[in-house]
Every structure is written in C-alpha cells, then in structure tokens.
Amino acid sequence: MNEKEWFFEKYKDIFSMGFKFKKTLFDRKSEFQTVKILETEGYGPMLINDDIIMTTERDEFIYHEMIIHVPLFTHPNPENVLIIGGGDGGSAREVLKHKNVKKCTMIEIDSVVVEACREHLKATSQGLDHPLLDLKFEDGAAYIAQQQDAFDVIIVDSSDPIGPSAVLFGDEFYQNVHRALKKEGIVVAQGESSFYEIEIQKRLLKTVHNLFDKVGFYNYDNLTYSSGCWSFLFASKKYHPIKDFRKENVKKSGIKFRYYNEEIHQASFCQPQFIKEAFEPLWTL
C-alpha cells in the first residue's frame with residue numbers, strides 16, 4: 001500500500017481511519033487552520049481542517065439534515081435562524097429549504113473554508129448563494145456576545161473543541177447563546193461522540209442544564225466520524241423535541257430528504273443505557 005495515496009485521520013493515538021484519494025484539490029494554511037480538500041476514491045471531495053475530517057460529498061447530507069431539521073421542525077415558526085460556523089454551506093442549504101424562514105445569518109470565522117468549498121465542494125456550498133443568507137466572516141463567539149432576543153433557532157456547526165472552535169464549548173458562550181435566543185428559542189450544536197468524548201458531553205449538558213428548560217442529546221449515524229455514531233446537543237427554552245413535534249409538518253413541508261424523516265426525528269432521542277446513566281439527572285427530555 002502506497003501511503004502517499006491515503007489520508008489517515010488519527011484519533012488520540014488509539015486508532016486511525018484511512019481514505020484513499022486521487023489528488024489534492026485545495027491545500028492552504030489560513031490565519032486559523034490548515035484547510036484541505038481531497039478528491040477521494042469512495043467519498044468524493046473531502047474537507048479536512050487541521051487533519052480532521054469535517055465532511056465529505058458522500059455522507060454530508062446525514063449531518064446537515066440532522067443538525068437542521070430536528071430543531072426547525074420542533075420550533076413551530078423558526079423565522080430567524082443563526083448559524084455559527086458551517087463554512088461548507090450545508091447547514092445554510094438545509095435551513096433555507098424551510099419556507100417560514102425569513103432570514104438566515106451565518107457567522108464563519110475562516111473565509112478560506114468558504115473559498116475552498118465554493119471551488120470544490122459544490123454539493124454543500126450551493127447553500128451559500130441563497131438570497132436570504134447573510135454571510136459574515138467574524139468570530140462567532142464575539143458576535144453572539146452582542147446579540148439579545150434576536151433568533152428563534154441557533155445552530156452551532158463547529159468542529160471539535162480545539163483551535164478556533166474551542167470557545168464554542170464554554171460556559172460564557174452558552175450564556176450568550178441563551179441571551180441571544182428569543183423566549184421560545186432552541187439551540188442545537190455539534191456534540192461529539194458518547195463513545196469517546198462523554199466527559200465533554202457531560203460538561204456541555206451541565207452548562208445548558210443551568211440555562212435551558214429542556215436539554216439532552218440526539219444521535220445520528222455517519223461514515224467518516226470516529227465510532228460512526230455521533231451526537232448533537234439540544235437545548236430549548238420551551239419546546240420539547242418529541243412532545244411538541246408535529247410529524248404532519250414534515251410531510252406538509254414538501255422538503256425532499258435523504259436521511260431525516262419523522263421516524264428518525266423521534267428515534268434519534270432514544271439513548272443506550274450507558275448514556276442514560278451517565279447523564280442522569282442532567283437530562284430533561
């Protein structure tokens with residue numbers, strides 16, 4: 001095996017995942033990180049930041065449909081949505097499929113990520129050209145600190161808690177998120193894996209438990225993240241993701257999904273026993 005034709009993502013010196021690629025499409029060091037896009041054999045263009053896989057053309061729809069449609073179908077009227085991060089454009093693409101969304105603001109710290117995806121990851125970056133999207137290149141944590149009672153739903157589409165994303169996992173950040181949400185607001189955030197980062201999840205849950213009425217995690221499957229099972233943090237001031245979910249609205253929306261549906265929405269909040277025990281009594285869903 002010629003290792004020059006393979007990209008390996010290593011995780012905590014305990015295992016590695018390898019992906020064969022044909023060529024490097026983009027490779028540039030920005031002010032914040034090294035951004036690469038590889039043309040892989042089985043997954044299409046693959047976005048990699050600081051040697052960590054962010055998304056691939058083959059399975060990006062799973063992540064983006066689940067981070068967006070669960071909160072937007074829980075909230076009865078999400079008119080004003082904020083995305084922090086999400087430079088590939090996939091989250092914006094899914095938000096703007098909802099007809100009741102009047103404005104979507106996206107705060108991305110690294111313009112190089114957007115540039116790379118516009119050039120080489122067309123499946124997701126198409127979301128960046130929608131007329132209702134207000135794209136700003138700023139520090140998301142600094143931006144949210146200046147907002148109050150502004151958004152129905154906030155999506156924290158971040159990478160792992162290292163580098164420029166580390167601040168997006170802290171107490172102060174979520175205090176600012178709570179203030180920036182309207183009185184019935186919901187926040188959903190990239191929430192790591194219960195198999196490898198349950199301590200990070202506990203810290204996140206403890207933080208939002210002190211701020212929001214309804215908090216927990218929901219899970220989804222993917223092809224390219226460590227363990228194959230990943231989570232999103234869900235925190236709501238009012239609406240419950242199961243009790244207030246109206247599954248008939250999914251069909252009425254006319255949106256075509258590849259992963260998400262009303263059954264997946266409900267089932268994603270079911271948790272294995274070891275996770276339920278780890279999160280008690282912080283879990284309120």
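Student: Leaving aside its neighbours within four places in sequence, which residues is Phe19 in contact with?

Tutor: Contact means heavy atoms within 4.5 Å. By that test Phe19 touches Glu5, Trp6, Phe7, Tyr43, Met46, Ile53 and Thr224, with neighbours within four places in sequence set aside. The model is predicted, so local features need pLDDT of at least 70 and side-chain atom pairs count only at pLDDT 80 or more, while totals for chains, interfaces and linings use all residues. Residues are numbered from 1 along each chain as its sequence is written, and side-chain values use heavy atoms, with hydrogens and water left out.

Student: How many residues apart along the chain are Phe19 and Thr224?

Tutor: They are 205 residues apart along the chain, and their C-alpha atoms are separated by 9.3 Å.

Student: Is Phe19 buried or exposed?

Tutor: Buried means under 20% relative accessible area, exposed over 50%, and partly exposed in between, with a 1.4 Å probe and protein chains only. Phe19 has 6% relative accessibility and therefore counts as buried. Phe19 lies in strand β2, residues 15-29.

Student: How many helices and strands does the protein have?

Tutor: Helices (H or I, at least four residues) and strands (E, at least two) are DSSP runs, numbered from the N terminus. Here there are 10 helices and 12 strands. The radius of gyration, taken over C-alpha atoms, is compared with a globule rule of 2.2 Å times the number of residues to the power 0.38. The protein's value is 18 Å, close to the 19 Å that the rule gives for 285 residues, so it is as compact as a globular protein of that length. Of those 285 residues, 56% count as buried.

Student: What should the 12 residues of helix α7 span?

Tutor: The expected span of a helix is 1.5 Å times one less than its number of residues. For α7, residues 198-209, that gives 16 Å, and its end C-alpha atoms are 16 Å apart, which agrees.

Student: Which residues of α7 are buried?

Tutor: They are Ile198, Ile200, Gln201, Leu204, Leu205, Thr207 and Val208. Their cover includes α6 (171-180), β11 (214-221), β12 (229-236) and α10 (273-279).

Student: Why does Gln201 count as buried?

Tutor: Gln201 counts as buried because its relative accessibility is 0%. Beyond its neighbours within four places in sequence, Gln201 is in contact with Gly191, Glu192, Ser193, Ser194, Phe217, Ser231 and Phe279.

Student: What share of contacts joins residues at least 24 apart?

Tutor: Among contacts between residues at least 6 apart in sequence, the share is 67%.
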